[in-house]
Amino acid sequence: MASGYNGVFGAFPYAFRRSRSLLFKSYVVCSGLAVALISIFVVIALVVLIGQTASVQGGSLTLSRAFYIVVGLLVVLPAVAPTLAVARRHRRGIESSPRYEPALAVAGYLFLLSLYLGVVASMPETFVLDGETVTRPTASGPFAPLISLLYAIPQALSWTVPLAGALLVAAAHRLFG
């Protein structure tokens, strides 16, 4: 068993090189960019939170800072899981069905889409932006039924949309692996 990569960062170019599926190769690139962008957002949000609460003492703020990191990991892990799974299979020489890599790519893309849909579902009806009260846009266009469905999800349950996407990644791994 020869090691073909070193850790998470090495898994991306390794999986890209070893994959037989063009769809999966495109997912490796897109998910790498998406994870980098999400990581930047989480780090910036954490820095802003620390800056706003630096002078405040207390354990609950430490907990909220840690919560940012946990949420960031819960968003990043399902996005990198397909790449890590394929890289691991190739490194260990495990044969998989020809549909495994494309199925993981589709599930991965759907997970990335579910992140966006979860953000849409979490948007409150009204919110304050730069001192002005703003109302979320009404659902219109060809995706109006989907947007209306997302708006109907209670804000407290909007996390279930990305969870469904993450479960889809796990299901694709189990079914096609």
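1. Alanine 81 has its place in helix α3. Its C-alpha is separated by 27 Å from that of glutamine 155, 74 residues apart along the chain.

2. A word on the basis of these notes. The model is predicted, so to speak of local features requires pLDDT of at least 70 and side-chain atom pairs count only at pLDDT 80 or more, while totals for chains, interfaces and linings use all residues. Residues are numbered from 1 along each chain as its sequence is written, and side-chain values use heavy atoms, leaving out hydrogens and water.

3. Helix α2 covers residues 22-53; helices are DSSP runs (H or I, at least four residues), numbered from the N terminus. From first C-alpha to last, its 32 residues reach 46 Å, close to the 46 Å expected at 1.5 Å a residue (1.5 Å times one less than the number of residues). Buried residues of α2 include Phe24, Tyr27, Ser31, Ala34 and Ile38. At the start of α2, a side-chain oxygen of serine 21 comes to within 3.3 Å of the backbone nitrogen of leucine 23.

4. The largest nonpolar core has 27 residues, and Phe24, Leu104, Phe111 and Leu112 touch the most other members. Such a core is a set of buried Ala, Val, Leu, Ile, Met, Phe, Trp, Tyr and Cys residues joined through side-chain atoms within 4.5 Å. Two or more residues each come from α1 (7-18), α2, α3 (59-92), α4 and α6 (160-176), with the largest share, seven residues, from α4. A second, separate core of six residues includes Leu117, Val120, Ala121 and Leu150.

5. Two residues deserve a look for their contacts (heavy atoms within 4.5 Å). Not counting residues up to four places away in sequence, leucine 112 touches Tyr27, Ser31, Ala34 and Ala79. With that same exclusion, serine 114 touches Val161, Pro162 and Gly165. Serine 114 lies in helix α4 (residues 100-122) and is buried, with a relative accessible area of 5%.

Notes
Buried means under 20% relative accessible area, exposed over 50%, partly exposed in between (1.4 Å probe, protein chains only). A polar contact is a pair of N or O atoms within 3.5 Å; within protein, one must be able to donate a hydrogen and the other to accept it, and residues adjacent in sequence count only if both atoms are side-chain atoms.
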